[in-house]
Amino acid sequence: MTARTSVIPGLALATCLAFASPWSVQADEAPPWSEHAVKVHVDQSELRGVLSLGDLSSLIDKGRALFEARFTSLDGAGRPHATQAIIPTAHRRPVEHDFQRLAGPDANACSSCHNEPRTGGAGGFVGNVFVSEGFESADFDTLDPQFSNERGTNHLFGAGLVELLAREMTADLQAARTTALDEARRLGEPEKVALASKGVSFGSITALPDGSIDFAGLEGVDPDLVIRPFTQKGVMTSLRQFTVNALNQHHGMQPDERWGARWTGTDDFDGDGHSNEISAGLVSAMVAFQASLPSPQEVEPDSAEWRKAAVRGREVFADLGCTNCHRPSLPLDSLGFSDPGPVDTAGTLRTGDVEAPAIYDLALLDWAKALPRDAKGRVLVPLFGDLKRHRIADQRQAAFGNETLAQRFVERDVFITSELWGLADTAPYGHRGDMTTLDEAIRAHGGEAYEAGKAYAALAEKDRSALIAWLKTLRIGE
Amino acid sequence: MSACAKTVSCLIAVALACSVGALQAGPAFAETPSEPAPFSADTPVFEEVAADAGIAHSYDGPWEFFVGGGGAAFDCNGDRYPEVFLSGGKNPAQLYRNQSSAGRLTFEPIPIGIEPADLEKVTGAYPIDIDQDGNMDLVLLRVGKNIVLKGDGACGFEEANRHFAIDGGRDWTTAFAAIFEPGAQFPTLAFGNYVDRTAPGSPWGTCADNVLMRPQPGRDVPDYSVSEKLKPGFCALSMLFTDWNHTGEPALRITNDRQYYRGGEEQLWRVEPERAPRPYRRADGWKHLSIWGMGIAEGDLDGDGWPEYALTSMGDTKLQVLDREFEDTPAYRDEAWDRRATAHRPYTKDEGKPSTGWHAEFADFNNDTALDLFIAKGNVEAMPDFASFDPDNLLMGGFDGRFTERGKEAGLALPTKGRGALVADFDLDGSLDLLVVNRGGSASLFHNRGAKSAFGTRPMGNFLEISLNDPTGNRDGIGAQIVVRVGKKTLTRTIRVGGGHASGTSGFTHLGLGVAERAQIRIQWADGEWSHPYRVFANSFVLIDRGSADARYWYPQRRNAAEK
C-alpha cells in the first residue's frame, strides 16, 4: 500500500469509488457513510411476470429510496456536456454552473419538489420547473417566457391508476381507428366514427378508403391517439417516460435507456466521468414506487358544518357543469401495471425491449383494495378528471394560458384537465402554481370552461363557499 | 466491374496488381484512423426468407449478364406495399405481388402481361410514373431494346415505347436515371450503356454512348422522340441525377467501368434547361478518377444538405465528400478510409483477396438516425484474383460519422454473388428489409427482424415513413428533398430515380428517428419551394400533399385480424 493511501485510506477509497463501475460501489460494498446517494441495485432482467407482494414491496422501497435520494456527483449528478432536452443533446460548450434553476439541473432529489404533503406529493411555487422546447439555447438566463414555460409541480398520488386508465383509453381509441380503416377500405368510402373511451368523447375521425385518416374532428388527444396523462400539459405517456426525462433534466442523472451507448454511442454522454448512471432496473424501481402511491380520497370532515357544506358543494360542482371535464371517476378494467408499458417508444424502455415485462399488481396493495368498483367489477378511479386536453384559456379569460410557447405540438392555451383528487393538500394552483386559492383557480377558467367559471362567479357566496368546502375534502390522505 | 470472361480474368488481375497490392497492404493508405469505440448501437438481424416468402428467382446468363442483375420495388396496385420486379438475364424477369403482413413477408408471382421475349435479357429496372397518371410505370433495362411498361394501377402493364415515342435502342443498357427539369410536365430520362459489342476491337475501348431523352414540350402525353447522345460514354454501370452543389439544378453523375474504357473517367454532366448536356472537366474543378465503378449511392451523412456519394468498385469503395475549399467546383475528397467504409476485402473468411462491390445504398437500417451503407458484393464470375466468398456489406453508421462492418452479425454473410438490391420496408413495419439479386443463384430476401438481444430480437429506434404528392406536377416529388428535424439533428433524404446497380425503389421514404417521439418535416419541392413545417409523431406513415396544411397519417392495410 502506498504511503498516501495508508495515511488517507478513506480518500483512496473514495477515489476508487469515483472511477469504478457504479454498481461496484452500491449497496453492499459502500460504507454507511458513503456520499453516494444511489445505494440500491436492481437487475432489470429479474423483473418479469407478476411480482409477489413481497417482491413488489421490496422494489417499491428501493424506488422510494431513489425518489428521495439526493444524487451526488459521485452518482453522476450533473450534466456538464448535455442539455436538458429529452433527445440526447450535447451542449455547445460546458455549462458554467453545475446547478441552475432554469435549464437545470435544478433539484437534488425528486422529493425536493414532490414533497407536499409528503414524498410523491406536489410542490409549492419554490418547486416550479421550466420546460423548454429549445434544444440549443439551454443556457437561457432570463425568465422571458419566450424561452420556456414555468410550471408548478404536480403530485403523483394515484399515478399508477392514471397511467392504467390512459393505456386502456389509448387501446380503445386505436381499436376504433383500426375498425374504421377496415370499414373504409372494405366499403370504398369514408367511414366517420365517434371516438370515445370510458365515457369521454374525443370527437371523431374519418377513415378514408385510401388508408389515411382525416383528423379534423379530433378533440383533446394527439393524432396518434395516445393518451398522454402526465404533466400539466398532458404530453407524457408514462411514468417511465416522465422519470427518464426528469432524471436527466432535474438531476443530470442519465438513464441508460435513453442516454446510453445504444442511442448515443457513449455510456457517458454528459461527460461527467460517470458511465451508466441510471440502469433500467433503477428506473423500474422508481416507476414502481410512483405507480403504487395510494389513490387520493374524498375524506369526510370532522366538522358537521363542513360535512353539510361539502354535500352542497358537490351538488354545486355538478350543477356548474364541472363534471363535464372533472369526471368524478373513470372505470378501470385491470390493476395489473406492466412495466415497461405498451405505449412507450424508443428511448423509454418498451415492452419489446425486455423478454417479459414485470407486472405490478396494484390489487395487492391495501389502498387499492378499498377502491370502489362498479357492477362489472371495474375499479372506479376517483380522479375528477377525463385525461383529455381542453382549451382552457381565451381572450375572455386568459389566466390559465399564461405561456407563449406551444409544447410538443400542443397549443399554448390547451392543457389536460387537472385531476382534482388530492387538491386540498396540493396548493398552490394553476399551471404555474401562482394561484394561492381555489377560488382564484376556479375563476381563472376560460376557453371551454369559461361559462362554468363565469357561473361560479355568479353564485351566491354561500354556494361558492360550499364548493370550496367540498373541494377541501379531496385529500392525499395519510 | 466488369463483364469479363474467364479468359480475360488474368488481364484484369494484371491491371489490378498494383492497386490490389496496395489494398492488401493497408499502410499504403493514409494514416490509419484511430480505433473507434466498439459499435454500440443496434445491429439489425436479417433473416433470409426468400423461399418461404415465395421468391424463387435467379439472375444468370453469359457475359452480357455478368453485370446488371437489378430489380425494382414499387407499388403497382395502390396498397402502398411495394411489389417486386426482378430481372433475370437469360431467365425471364418476374413480377411479384406483395402480400406481406406485419411480421411476415409473402410474395406471389404474377404475370406482367407483355410478350415473354420482352422479359428476357433484362439487366435491371427502375420504377417511375412517366406519364404522370398516378400509376407507376417501369423502365426495363435490357441487352437490346429497352422497354417502358405503362402501369394500369392494378399491376397490369403494357409496353409503351411507341406510346411515349421512346426508341429503346439496341444497346447493352446497364444504368438509368430520371429527373424533372424546370417546367417540364414529364421526366427527363437518361440511359447508361455499357460495351458496344459491335464496334471494332470490342470490348476494349468500345464503350457505347449514353442517351438523354427529354420530353418534347407542349404535348399531352410523354414524347421522347428526340434524344441526345451523351458522348463520350465510358461504360456506365450506374447513373444518378444529383444536386451536388445544392443549387437546385441537378447534374448527372455517372460511374464507369475502367475495365473497358480508354482514357475515360468518372463523369458529371451539367444538364441545364434547354441546353445540351456538358460534362464537367478539369478546368471546372472535376478531379480525374478512374475506378471499376459499378454503383452509386447518395446520402447526406452530416445533415448539411450537400450529398455525399459512395462509389462501389473492385477493391475499395469510395466515399466522396465535397471539398468545400474549392468554391462552386465539383472537387471531392475520398473519406472512405477515414470513415472506415472502404470495404475492400471480405470481412469474414478473408483470403486476402479484394472484393467486388456492386449495388450501394445509404439507408438507416437500425432506425438510430445515422445513415448506414449497404453494398452488394460478389465475384464477377470466377475471377481467381478476387474473393470468391464475398459477402454483402452492412456498414453501420456511427454517431461519430464512421462506419462499422456488421454484415456477419446481421446475417448477411452468405456465399452469394450479389448484384442489384432493393432496400424497402416490405411489410411496412417501420424497419427496412433488403432484397439482393444474386448472379447464378437465388435472390436473397432479408427480413429485418429487429435488433439482436439476449432473448431474440427487440425493436429498434423510432421511424418515420413519408410519401410525397405534388398535384401541380411531378407527382412523386422526384428531386424533392425531405428535411426532418429531431432535436437539433437534421436528417435529409432526396427523392431520386437512379443510382445503385440497375435497381430502383419508389414509395415511402424511410427515416430512423432514434429516440425522438416527434419530428418536424419540411419539404423542399423540386422547383425549390419550401413547405411550411409539418409536425408529426414518430412511428408513423405520413402523406404530404404539396400545399396542404397538415400531413396525413396513413395506416397499412391489415391482412389478418391479429394485426393492429
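**Entry 1. Cis peptide bonds in chain A**

I looked up Pro117(A) and found it in the loop between H4 and S2 of chain A, where helices (H or I, at least four residues) and strands (E, at least two) are DSSP runs numbered from the N terminus. The peptide bond that joins Glu116(A) to Pro117(A) is cis, with omega about 5°. I then looked up Pro105(A), which lies in the loop between helix H4 (53–68) and strand S2 (129–131) of chain A. Gly104(A) and Pro105(A) are likewise joined by a cis peptide bond, with omega about -5°. I note for context that most peptide bonds are trans and that most residues other than glycine have a negative phi.

**Entry 2. Basis of the reading**

I record that this is a predicted model, in which local features need pLDDT of at least 70 and side-chain atom pairs count only at pLDDT 80 or more, while totals for chains, interfaces and linings use all residues. Residues are numbered from 1 along each chain as its sequence is written, chains are lettered from A and ligands numbered from 1 in the order in which they are written, and side-chain values use heavy atoms, with hydrogens and water left out.

**Entry 3. Positive phi values**

I looked up Phe409(A), a residue other than glycine whose phi is positive, near 75°. Phe409(A) sits in the loop between strand S12 (389–391) and strand S13 (414–416) of chain A. Its relative accessibility is 24%, so Phe409(A) counts as partly exposed (buried means under 20% relative accessible area, exposed over 50%, partly exposed in between, with a 1.4 Å probe and protein chains only).

The loop between strand S16 (267–270) and strand S17 (278–279) of chain B holds Glu274(B). Is Glu274(B) buried or exposed? With a relative accessible area of 82%, Glu274(B) is exposed.

I placed Met213(B) in strand S12 (residues 210–213) of chain B. Met213(B) counts as buried because its relative accessibility is 4%. Leaving aside neighbours within four places in sequence, Met213(B) is in contact (heavy atoms within 4.5 Å) with residues including Ile166(B), Pro187(B), Phe191(B), Tyr224(B) and Val226(B). Ala190(B) is 23 residues from Met213(B) in sequence, and their C-alpha atoms are 6.1 Å apart in space.

**Entry 4. Interface of chain B and chain A**

I found 41 residues of chain A and 34 residues of chain B in the contact. About 3,300 Å² is buried between the two chains, and carbon and sulfur atoms give 57% of this area; buried area is the accessible area (1.4 Å probe) that two parts lose on being put together, summed over both. In chain B, Val515(B), Arg518(B) and Tyr555(B) lose the most area to chain A, together 22% of what that side buries.

How many salt bridges does the rule find across the interface of chain B and chain A? I count four salt bridges there, each being a side-chain nitrogen of Lys or Arg within 4 Å of a carboxyl oxygen of Asp or Glu. Arg558(B) forms a salt bridge with Asp182(A), in which the closest N and O atoms are 2.2 Å apart. Among the elements of chain B that each supply at least two residues of the side touching chain A are strand S31 (481–486) and strand S36 (518–524).
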